[in-house]
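I opened my notebook for a walk through this structure. Here is what I looked up, entry by entry.

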Amino acid sequence: MTTAAIPATPARTRAVPPASSRPGLPGALRSELTKMLSVRSTYWTLLAFVAASIGWAVLDCAGIASHGIGGAFNATEASLTGQVALGELIIVVLGALVITSEYSTGMIRTSLAVMPRRGVLYAAKAIVFAAVTLTISLVTSFVDFFVGQAILSSKHYNATLGQPGVLRSIFLSAAIVMVFGLLAYGAGAIIRHSAGAITAILGVIFLIPLLAQALPNAWFADLQRWLPGGGALEPIARSAPPIDHNLFSAWGEFAVFSGYAAVLLAIGAWLFIRRDA
Amino acid sequence: MIEARGLSKRYGDKLAVDDLSFTVRPGRVTGFLGPNGAGKTTTMRMILGLDRPTAGSVTVNGKPFAALYSAMREVGALLDAKAVHGGRSAYKHLLCLAETNAIPRRRVDEVIGIVGLEDVAGKRSKGFSLGMSQRLGIAAALLGDPDVLMFDEPVNGLDPEGIRWIRLLMRSLAAEGRTVFVSSHLMSEMENTADHLIVIGRGKLIADCPVAEFTADGTAQAATVKTPDDQRLAEVVTAAGGRLERGEAGDLTVRGLSAEQVGGLALTNGILLHYLAPSRVSLEEAFMELTADSVEYQAKARA
């Protein structure tokens, strides 16, 4: 490292052109994309997600192809369950990290010192994360579907893209992954600690449905459709209407989960804007 | 220009910053001094809008930080050199900051050149030494070519060459007409750097004056003397409002009086002096004297 020359211009000439407009969302979006794509954890997490999503589809469909099918088989669901059940957990980690890593490294102070409009920063982070995640998960859900159906086609169990509900399932199983990531992003903004936020979201996804099963059967039946995870995720990967009539339709359950995410995102935004950084 | 008016910050039942009012003016280096825990960093965090004041207000160029048109073009700050994502390269770190305020890429290369990090710009900052991290933080502060610059303890952990470099940089930034506000808990660092001092202790303003005035202050005057008649000199010095201290080598230091005054006293009282010299009290000593009551955690005071 050499000692740099000191800039010594007597009359100051501006080294940076003046801002043509007040820095806002467009710049913040570019910045957040650079941030997300310039750390290795993003790539490792997304790679793990792709492997889990496609891996599960291959294993599940190969197993079904060799063992045969039972009564209520849904070929679309068989290829997409992995993305929804396992992939979502990995994206939860990424969604939390996008914001909690700013706190664990102290970067948040630098970020806010260059972009003091906190709402803009918060929104930009969420939008970039959602866009990157949805892009990848859309690719994997199509890959899952085609690879899965190709395996199942050896026994002629396969579904085709043109069948009713199939495209919806592919799209929703990609979108739900993003929604869970945003849930974790909101939790990350509230808790500001990676492990804490991830644990909280996994607890919500797994523990609440589990605890709810201890309720009297009639209550559980009424409640199940509102639970943030577990069986209520099933219709999303399913192309046919749910077998369990206690659940909403695919879009209905998707709306329920999105509602949870919206609430956490809103609380996170409120705290992000108000709290000392 | 930074203006604080009645700035206060309370954490629980602890008042970290207590009714601070000061103005940091352009064209000079203003040292922000105080013992550790005096509230310097908290004050800087409030200037940057990171923390909300409990009472009072602080503005930069007449506006609250969050209301600035383009924050990076007006204020550049280095609060904590390690407050970066260590997994990101120095270049990408600076790029993602520049992008928020639509600062062109060539300026990123420029500031990397100014701080001399060309060779490691592509490397992840995790492996940077403290000195390199400080340079990266300074590069970030310079990105928007701002009129106001703030550095929190910028020379902490630097080698002499690095300290000299930062000193020259701060002086040249001030010479360009910028406002330079730099905190330190070490007076000695400010001696050759700052033009003006704002001294705080326990969150309260202790002094706000030019450096020269700070050392020329009555309490900071002193003289070194040698005399065979310690006893009598002590009497007359004390009577004149001074204080006599015994040095290690058997010589005496008179505090609170100038060498001229001591010489005059000796003559009128007929005391023989073997040696008399004005002793320049360092900023460090003046600072210690001023902040002695406000040091928050005194080693001996632990119960």
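**Ground rules.** I call a residue buried under 20% relative accessible area, exposed over 50%, and partly exposed in between, with a 1.4 Å probe and protein chains only. The model is predicted, so I kept local features only at pLDDT of at least 70 and side-chain atom pairs only at pLDDT 80 or more, while totals for chains, interfaces and linings use all residues. Residues are numbered from 1 along each chain as its sequence is written, chains are lettered from A and ligands numbered from 1 in the order in which they are written, and side-chain values use heavy atoms, leaving out hydrogens and water.

**Entry 1: a pair in chain B.** I began with B:E245, which counts as partly exposed at 29% relative accessibility. The side chain of B:E245 meets that of B:R243 in a salt bridge, 3.1 Å from N to O. My salt-bridge rule asks for a side-chain nitrogen of Lys or Arg within 4 Å of a carboxyl oxygen of Asp or Glu. B:R243 is partly exposed too, at 41%. Over all chains, I get 20 salt bridges by this rule.

**Entry 2: a pair in helix α1 of chain A.** Next I looked at A:K35 and A:E32, whose side chains form a salt bridge of 2.9 Å, N to O. Both sit in helix α1 of chain A, three residues apart, about one turn of the helix. Helices here are DSSP runs of H or I with at least four residues, strands are runs of E with at least two, and both are numbered from the N terminus. I then found a network of salt bridges that links A:E32, A:K35, A:E102 and A:K125.

Entry 3: Helix α1 of chain A covers residues 25-37, and A:L37 lies in it. A:L37 is partly exposed, at 38%. Together with A:L33 and A:Y43, A:L37 makes a nonpolar surface patch of about 270 Å². For patches I take residues with over 30% relative accessible area and no salt bridge, joining like charges within 9 Å and nonpolar side chains (Val, Leu, Ile, Met, Phe, Trp, Tyr) within 5 Å.

**Entry 4: where the chains meet.** How many residues of chain A are in contact with chain B? I noted 47, against 57 residues of chain B, with contact meaning heavy atoms within 4.5 Å. The two chains bury about 4,400 Å² between them, 54% of it on carbon and sulfur atoms; buried area is the accessible area (1.4 Å probe) lost by two parts on being put together, summed over both. Three salt bridges run between chain A and chain B. One of them joins A:R14 to B:D147, with the closest N and O atoms 3.1 Å apart. That pair goes from the segment before α1 of chain A to the loop between α5 (130-142) and β6 (148-152) of chain B. B:D147 is partly exposed, at 26%.

**Entry 5: a lysine in chain B.** B:K40 is buried, with a relative accessible area of 5%. A polar atom of the B:K40 side chain lies 2.8 Å from the backbone oxygen of B:G34. Residues touching B:K40, leaving aside those up to four places away in sequence, include B:F32, B:E153, B:H185 and B:I200.

How values were computed
Polar contact = N/O pair within 3.5 Å; in protein donor to acceptor, adjacent residues only side chain to side chain. Areas by Shrake-Rupley, 256 points an atom, 1.4 Å probe, with all protein chains shown as cover.
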